[in-house]
Amino acid sequence: MSTESASKPARGAGATKKRGKARYLVLLGFAFAVFLAAQTGLLGFGLARLRAAAFPKDEALLEYVHGSAQGVLIVDPHQIELKSLGAEGGAVRQHIERTREDIKKATGVDLGFDVDKLILSPSLVVARGRFDEQKLAARLAELSYVQAEYKGTKYLLRAGEDAIAVRDGSILLYGAEPEIRASIDAEAAGTSLASRDEATSRLAHVGWDHPILGVALLADSKPSLRAILTGSTGPRAVTFGVSTEGGLSATVAIDAASADAAEELRKLLEEKRADLEGLKALVGPEAGVALGEIAKRAKLTVEQGAGRLSIQADVRPEELDALAKAGEKASGSLGAMYKNVRLLQLLAPGG
């Protein structure tokens, strides 16, 4: 046997060892990348984006909202396309960035990176995401927050003002101390908003695939016989979803006591949206024009079997910017504005 033929197996064995070493290095590099992603939160962030796209429904988060809540606003940052909210320097985008920066500066929590789903109720904020309890405690200790505990759940408290709790590193609760305790009780006892079908069914009807989703329960979900027969009754609930994919569009579902009441409401809104001067008086000249254009394009239909009025509307970036600027100029709190103009009169037919 020649020297050349004898050297071939040796070279083959060397090549096999090199390939094995290369595969080992690739696996090692991949493991390190996964470890680094997990440590920096990128892994959780990436998985959350996939989950938001494939499984947007998250009724379990409602288990932390007390069942007496009259409504919630649900925001999924992963589904929002910021370009649909106006130009980068526009009023809406600036407000979002300011809010994000202020919260990150105070708590270290990044609304755009650490939060996967956000629920806002009248008295409590609930967030699902990735939260470091120890780092948060260290940040808030500088703001005079102290440790407190209720039924085995620890939270940070600034007496007489507000409190914040992190549960299992994935749930964050923020509100006044009584609301934090009420949330803990509701989740443990099963008396949360998740147990109220009038809320969950309406949210499911509009669709959890909306990046902004909300419901307001305005009246008893079971109207009296008189209310059903007369048809002259205000809305029982308003549910809405906002989509930002390919532009801003909104779906609104207004539940009435009967099909007649829903039809009566549709006629009233048809009259109101034609009153441009009334809209200007309500929100101001520039915003009134924008609101008038939005209302003109909106489609109103009544679902006879359900006694529900459905509204489909799209909002252009410049119109959203005009409405946002009008909101910034408006004096007083949202609650005071609500009392002054009595917005629900636009929705409730006279009895």
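**A cavity and a sheet**

Modeller: Gladly! The largest cavity holds about 60 Å³ of space. Please keep in mind that this is a predicted model.

Colleague: What makes that space a cavity?

Modeller: A 1.4 Å probe fits in a cavity but cannot get out, so that is the test a space has to pass to carry the name. The structure holds one cavity of 30 Å³ or more.

Colleague: Which elements give two or more residues to the lining of the largest cavity?

Modeller: They are helix 4 (133–141), strand 5 (153–158) and strand 6 (162–167). Among the lining residues are Glu 133, Leu 136, Tyr 155 and Ile 164.

Colleague: How do you know the class of each lining residue?

Modeller: By residue type: Leu, Ile and Tyr count as nonpolar, whereas Glu and Lys count as charged. The lining has seven nonpolar, one polar and two charged residues.

Colleague: And the sheet: what is the order of its strands?

Modeller: Twelve strands form an open sheet, in the order 4-5-6-7-3-2-1-8-9-10-12-11, with antiparallel pairing.

Colleague: Why are strand 4 and strand 11 called edge strands?

Modeller: Strand 4 (146–150) and strand 11 (299–303) each pair on one side only, so they are the edge strands.

Colleague: How do you know that strand 10 and strand 12 pair?

Modeller: Pairing needs at least two bridges, and these strands have eight, so they pair, in the antiparallel sense. In strand 12, Ile 311 is the bridge partner of Val 252.

Terms used
Residues are numbered from 1 along each chain as its sequence is written. This is a predicted model: local features need pLDDT of at least 70, side-chain atom pairs count only at pLDDT 80 or more; totals for chains, interfaces and linings use all residues. Side-chain values use heavy atoms; hydrogens and water are left out. On a 1 Å grid over the protein atoms alone, a cavity is a set of points where a 1.4 Å probe fits but cannot get out, and a pocket is an open set with protein on both sides within 12 Å along at least five of seven lines; lining residues have an atom within 4 Å of a point. Grid points are joined across faces, edges and corners, and a volume is the space filled by probe spheres set on the points. Helices (H or I, at least four residues) and strands (E, at least two) are DSSP runs, numbered from the N terminus.
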